[in-house]
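I opened the file today and kept notes while going through it. The entries follow the order in which I looked things up.

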Amino acid sequence: MKYTLMRQLTEADVTITVEIDEETDHYSSEIFGYDKELQDAFQAMIDEHGLWGWCSVCVTASWRGQAASAHLGACSYENEEAFRADGYFEDMRTEAIAELNAVVRDWFAEVDEARSELSLTAEEAASRRALYKELRWKNPIWCPHCKADLRDHKNGVPFKRSIAVYSREQDRTTHWKCPDCEATWDRNGV
Ligand SMILES: [Zn+2]
């Protein structure tokens, strides 16, 4: 099976999460050069808003256990809400979703490969089908008299609730008895 005709995941399909981390580059010099006013502004943001005041932001799009992220360093926001209202968030969300689509395509390719590795040969499939048939509840699965369900759902296939009526004389089960209405039927099922 090939998944070449997949549609793309959109914003409606995915979960978007925002996480922040410490920005390793300090705002004082590496990025902005020396600018007293700017540095004071950043320091004020840090004082007031903590980590959000100076951080790197990671926007992650996830879908069914698969995820992809977009990162942006040197950020300064009041909080997540303020970041989500910013244009950068929209760009990063778009980027994360595009990346997630690539991840999901690769994932399906891997699943395809795994599926072909685990596929049974025709012969194996035939013997597997025969085994399933063997394990089926044999008829009658309903009491021929009161129509009660005779399948033993507690113990599962192939166990049934029907009670064997054993003939010592003939040394075999001659009849089956319904546990509910106690009616009997002969061992061939009628
Ligand atoms: Zn019955």
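Helices (at least four residues, H or I) and strands (at least two, E) are DSSP runs here, and I number them from the N terminus. The model I am reading is predicted.

**Entry 1: inventory.** I counted four helices and six strands in the chain. Reading from the N terminus, I noted the order β-α-β-β-α-α-α-β-β-β.

**Entry 2: overall dimensions.** The C-alpha trace spans about 105 × 40 × 25 Å along its principal axes. I then checked burial: 14% of the 190 residues count as buried. For contacts between residues at least 6 apart in sequence, I noted that 52% join residues at least 24 apart.

**Entry 3: domains.** How is the chain divided? I have domain 1 at 15–118 and domain 2 at 130–186. The C-alpha centres of domain 1 and domain 2 lie 63 Å apart.

**Entry 4: sheet S1-S2-S3.** I found an open sheet of three strands in the order S1-S2-S3, paired antiparallel. Which strands stand at its edges? They are S1 and S3 (66–75); each has a single partner strand, so one side of each is left without a neighbour in the sheet. From one strand to the next the twist averages 20°. I counted eight bridges between S2 (residues 55–63) and S3, which run antiparallel.

**Entry 5: helix H3.** H3 (residues 87–118) packs on this sheet and touches S1, S2 and S3. Its direction makes about 150° with that of S3. I checked the length of H3: at 1.5 Å a residue its 32 residues should span 46 Å, and the end C-alpha atoms are 46 Å apart, which agrees. Which residues of H3 are buried? I listed Phe89, Met92, Ala96, Ile97, Leu100, Asn101 and Val104. As a reminder to myself, an α-helix has 3.6 residues a turn, so residues three or four places apart point the same way. I also looked up what covers the buried residues of H3, and the cover includes S2, S3 and helix H2 (80–84).

**Entry 6: Asp25.** Asp25 lies in the loop between S1 (15–22) and helix H1 (36–49). I counted 13 other C-beta atoms within 10 Å of Asp25, so I put it down as partly exposed; the cut-offs are 20 or more for buried and 12 or fewer for exposed. I also took a distance to His49, which is 24 residues from Asp25 along the chain: their C-alpha atoms are separated by 18 Å.

**Entry 7: sheet S4-S5-S6.** I found three strands forming an open sheet in the order S4-S5-S6, with antiparallel pairing. S4 (163–167) and S6 (184–186) stand at the edges with a single partner strand each, so one side of each is left without a neighbour in the sheet. Neighbouring strands of this sheet are turned by 40° against each other on average, direction ignored. How many bridges pair S4 with S5 (residues 172–177)? I counted five, in the antiparallel sense. In this sheet I also noted that Tyr166 stands opposite Thr173 in S5.

Conventions
Residues are numbered from 1 along each chain as its sequence is written. This is a predicted model: local features need pLDDT of at least 70, side-chain atom pairs count only at pLDDT 80 or more; totals for chains, interfaces and linings use all residues. Two residues are in contact if their C-beta atoms, placed from the backbone, lie within 7 Å. Two strands pair if DSSP finds at least two bridges between them. Axes are lines fitted to C-alpha atoms, for helices over the stretch in contact, and angles run from 0 to 180 degrees between N-to-C directions. Domain bounds come from an automatic or database domain assignment. The expected span of a helix is 1.5 Å times one less than its number of residues.
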